[in-house]
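Take a walk through this model with the sequence at hand.

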Amino acid sequence: MATMTNGEAGSMKIPKIKFTKLFINGEFVDSLSGKTFETIDPRTGEVITTVAEGQKEDVDLAVKAAREAFDHGKWPRMSGFERGRILMKFADLIDENIEEIAILDTLNAGKLLHLGKILDIPQAANTLRYYAGAADKIHGKTLKLSQQMQGYTLLEPIGVVGHIIPWNFPSSMFAMKVGPALAAGCTMILKPAEQTPLSALYYAHLAKLAGIPDGVLNVVNGFGSTAGAAISSHMDIDKVSFTGSTEVGRIVMQAAATSNLKVVSLELGGKSPIIIFDDADFEKAVDLALMGILFNKGEICVAGSRVYVQEGIYDAFVKRAAEKAKTWVVGDPFDPSSQQGPQVDKKQFNKILSYIEQGKKEGATLVTGGKAVGEKGYYIEPTIFTDVNEDNLIVKDEIFGPVMSLMKFKTVEEAIERANKTRYGLAAGIVTNNLNIANTVSRSIRAGVIWVNCYFAFDRDCPYGGYKMSGFGRDLGMEALEKYLQTKAVVTPIHNSPWL
């Protein structure tokens with residue numbers, strides 16, 4: 001069984017929750033209905049606080065503010081340089097409040113505090129800086145037309161954007177969506193996941209301090225079936241960017257299609273393979289595979305939940321992975337010795353445990369883990385199954401938890417075929433010292449990002465997104481800007497020019 005820590009926040013002072021209302025048109029306001037909902041601490045299952053519950057009428061108000069800010073406000077009409085300076089200020093304010101924001105994500109999502117302070121929150125700030133630097137580098141093209149005309153293209157902001165973000169990386173997702181949209185000159189409404197609204201509201205406060213004009217960034221807490229549905233179907237929203245499950249992604253697309261045919265980008269589920277060849281650095285491969293499924297307690301869309309190991313090292317790999325998984329420290333995310341915190345909420349906790357039971361029923365061998373940890377909170381042991389194949393539910397479905405399916409293969413061709421035997425196509429990992437194998441496999445896997453001898457190698461300059469039912473559109477990199485821009489061609493006659 002994994003090691004369990006019993007540490008609490010201890011001597012660390014938990015800050016007072018400052019922002020719990022909706023943020024609309026530059027002000028924190030109650031929902032029009034007056035409704036609120038509880039946000040829960042997954043360490044204990046207890047209530048942290050209550051937050052305002054936005055519904056359709058609140059979304060309408062937020063969209064009205066965003067539309068006014070886009071059609072008549074100064075944000076889209078600023079130079080890219082000016083927008084970039086404000087985004088830089090926004091990033092600086094995040095840096096000044098790293099500790100407090102990291103605590104909010106730990107309380108709300110069960111994320112490890114020490115990683116939040118060195119990874120999630122600084123990376124959110126640096127993502128904003130990346131797009132701040134891009135804001136004045138959005139260029140159209142001069143066209144060489146075939147007649148006596150001159151032509152050029154303009155890249156214009158798409159308009160009012162609806163962002164719907166998930167609960168597993170509240171800060172990272174906020175910056176990945178908001179950063180490029182702001183740089184492009186868009187205005188927006190953002191709905192954080194109902195499980196994790198607290199950091200998004202804090203960021204809204206900092207955005208106002210940074211000088212982002214009222215109405216440009218609005219945050220409406222609420223549930224997917226009400227606030228999320230209102231965003232997806234709103235007739236005055238020009239684009240929706242959604243990250244979440246494939247099932248909800250379908251609903252978002254349907255709502256967009258039956259309303260105003262708004263542009264949609266989707267980053268959805270995954271069942272990513274990690275393929276480990278006989279010639280790999282053995283210990284490194286084991287560590288990558290464990291990190292690939294246990295990082296962020298497996299609540300990550302690109303989790304390496306299907307691990308394929310070549311037959312020459314398979315038996316030793318199973319033994320070593322199990323040994324290391326049993327020493328993995330599951331515990332209070334405020335404790336710096338913890339390697340894995342609680343799952344985000346009771347629903348996710350129960351879902352993961354039900355998949356583990358399903359794996360047993362289907363005849364898979366439970367090598368280690370498989371049980372809840374502790375008497376309270378939503379902690380689950382690192383879990384490894386063997387004797388599984390692509391027809392098993394635990395291999396087909398995205399579990400979104402610390403559950404690895406470990407399988408054996410013989411040849412490169414078999415590995416490619418089995419890795420591609422999934423409805424998803426978000427990411428893949430390849431571990432080998434053979435450059436030819438790395439090149440062949442990376443070009444053969446149908447997934448949006450391939451990591452060779454590394455995993456979770458995210459970078460703000462590296463785009464990622466899905467193939468197949470993992471969605472379409474790219475986050476991060478300059479490609480992400482394209483989602484928030486549209487191309488306009490302008491053509492005028494030219495007379496008596498010495499050349500066309």
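**From one lysine to the whole fold**

Start at Lys483. Leaving aside residues up to four places away in sequence, Lys483 touches Ile158, Lys177, Lys239, Ser241, Ser265, Gly473, Arg474 and Asp475. One of these neighbours, Asp475, makes a polar contact of 2.6 Å with Lys483, side chain to side chain. Lys483 sits in the loop between helix 15 (479–482) and strand 24. Is this lysine buried or exposed? Its relative accessibility is 11%. Buried means under 20%, so Lys483 counts as buried. Keep in mind that this is a predicted model.

Next comes strand 24 (485–493) itself. It belongs to an open sheet of three strands, in the order 6-7-24, with antiparallel pairing. Strand 6 (142–143) and strand 24 stand at the edges, and each has a single partner strand. One side of each is therefore left without a neighbour in the sheet. Strand 6 runs antiparallel to strand 7 (residues 149–157), and two bridges join them. Within this sheet, Leu143 stands opposite Gly151 in strand 7.

Now move to strands 8 and 9. Strand 8 (residues 160–164) and strand 9 run parallel, joined by five bridges. Val161 faces Met188 across this pairing, standing opposite that residue of strand 9. Strand 9 (residues 187–191) is mostly covered, with five of its five residues buried. In a regular strand the side chains alternate between the two faces of the sheet. Here, Thr187, Ile189 and Lys191 point one way from strand 9. Met188 and Leu190 point the other way, and all are buried.

Step back to the domains. The protein is divided into domain 1 (22–268 + 472–487) and domain 2 (273–459). Their C-alpha centres lie 31 Å apart. The contact between them takes 26 residues from domain 1 and 30 residues from domain 2.

What about the nonpolar interior? In soluble globular proteins, nonpolar side chains tend to be buried together. The largest nonpolar core here has 107 residues. Phe90, Ile276 and Phe317 touch the most other members. Phe317 shows the packing in detail. Setting aside residues up to four places away in sequence, Phe317 touches Ile276, Phe282, Ala285, Val286, Ala289, Val307, Val309 and Leu406. There is also a second, separate core of 28 residues, which includes Phe349, Ile352, Ala428 and Ile437.

Note on methods:
Residues are numbered from 1 along each chain as its sequence is written. This is a predicted model: local features need pLDDT of at least 70, side-chain atom pairs count only at pLDDT 80 or more; totals for chains, interfaces and linings use all residues. Side-chain values use heavy atoms; hydrogens and water are left out. A nonpolar core is a set of buried Ala, Val, Leu, Ile, Met, Phe, Trp, Tyr and Cys residues joined through side-chain atoms within 4.5 Å. Buried means under 20% relative accessible area, exposed over 50%, partly exposed in between (1.4 Å probe, protein chains only). Contact means heavy atoms within 4.5 Å. Two strands pair if DSSP finds at least two bridges between them. Helices (H or I, at least four residues) and strands (E, at least two) are DSSP runs, numbered from the N terminus. Domain bounds come from an automatic or database domain assignment. A polar contact is a pair of N or O atoms within 3.5 Å; within protein, one must be able to donate a hydrogen and the other to accept it, and residues adjacent in sequence count only if both atoms are side-chain atoms.
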